[in-house]
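Work through the exercises below with the model open. Each task is followed by a stepwise solution.

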Amino acid sequence: MVRLTKVSAKILGYELPPCCEAIVSPYVAHRDVNEYSEPDKFNPLRWSDMRPSAYTYFPFGVGSRHCLGKQLASFELISLLARILNMYDVVMIDDQEIDWTMDITLMPKSDVAVKFVENREHWPSKGGRLHGPVADLVQI
Ligand code: HEM
């Protein structure tokens, strides 16, 4: 998320001239050890008792240009994921090397091939392993 200063400004002691690009990075903010313990670890349970402020957790941006689809996307993610994961394990079909790319958000550079395995019978379901630059971003 890039912002351009119109006038000179001072932020946290740093002088920014006019026409200066300032990057607000959720990637950096969301890995701040002062806010998140073991920030590189994939740990969904951390959210059970965590209520970060809008300025420490902002996957949809923050301020006047924040994501207009935030409510829709959050509703879809929560309702669909809950229903899918209640019935299936989503596992990689084989070992895959996945790179990342930067669009509005950080995302996989290529499609990740997954399969849906009914999770009632053979838990935990066996799947492929993640390799490559994405695997370096998060400890699973
Ligand atoms: C998981 C899904 C999504 C994520 C993580 C996401 C994230 C973001 C982020 C980070 C921004 C930039 C905010 C900024 O510059 O401060 C943005 C902007 C925007 N998003 Fe999303 N978004 C998602 C889904 C959607 C959906 C479903 C819609 C529309 C239905 C949408 C519409 C927009 C629009 C219109 C903007 C531009 C807002 C502006 O510049 O004023 N987004 N989004």
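Predicted model: local features only at pLDDT ≥ 70, side-chain atom pairs only at ≥ 80, totals over all residues.

**Exercise 1. The shell and the iron**

Task: Describe the residues around the ligand, and identify the protein donor of its iron atom.

Solution. 
1. Count the shell. There are 16 residues around the ligand, and M1, R3, F60, R65 and C67 come nearest.
2. The shell divides into 10 nonpolar, 4 polar and 2 charged residues.
3. Ask which element supplies most. Helix 2 gives the largest share, 3 residues.
4. Look for the donor. SG of C67 is the only protein donor of the iron, at 2.2 Å.
5. Place C67 in the chain. It sits in the loop between helix 1 (26-29) and helix 2 (70-87).

**Exercise 2. Aromatic pairs**

Task: State how many aromatic pairs a search of the whole structure finds. Then characterise the pair of Y36 and W47.

Solution. 
1. The search returns 3 aromatic pairs.
2. Y36 and W47 are 6.2 Å apart, centre to centre, with 65° between the planes. Planes over 60 degrees apart count as edge-to-face, and this pair is edge-to-face.
3. Both residues lie in the loop between helix 1 and helix 2, so the pair ties together parts 11 residues apart in sequence.
4. Check accessibility. Y36 is buried, at 3% relative accessibility. W47 is partly exposed, at 33%.
5. Extend the view. Ring pairs link Y36, W47 and Y57 into a cluster.

**Exercise 3. A pair between strands**

Task: Which geometry does the aromatic pair of Y88 and F116 have, and which parts of the chain does the pair link?

Solution. 
1. The pair of Y88 and F116 is edge-to-face, with 5.9 Å between centres and 90° between planes.
2. Y88 belongs to strand 5 (residues 88-92) and F116 to strand 9 (residues 114-118). The pair thus links distant parts of the chain, 28 residues apart.
3. Y88 counts as partly exposed, at 27% relative accessibility. F116 counts as partly exposed too, at 47%.

Terms used. Residues numbered from 1 in each chain as written. Heavy atoms only, no water. Donors = N, O, S within 2.8 Å, 3.2 Å for Na, K, Ca; no water. Helix = DSSP H or I, 4+ residues; strand = E, 2+ residues; numbered from the N terminus. Phe/Tyr/Trp six-rings, centres within 6.5 Å; stacked < 30°, edge-to-face > 60°. Buried < 20%, exposed > 50% of the residue type's maximum accessible area, 1.4 Å probe, protein only. Near = heavy atom within 4 Å. Nonpolar A, V, L, I, M, F, W, Y, C, P; charged D, E, K, R; others polar.
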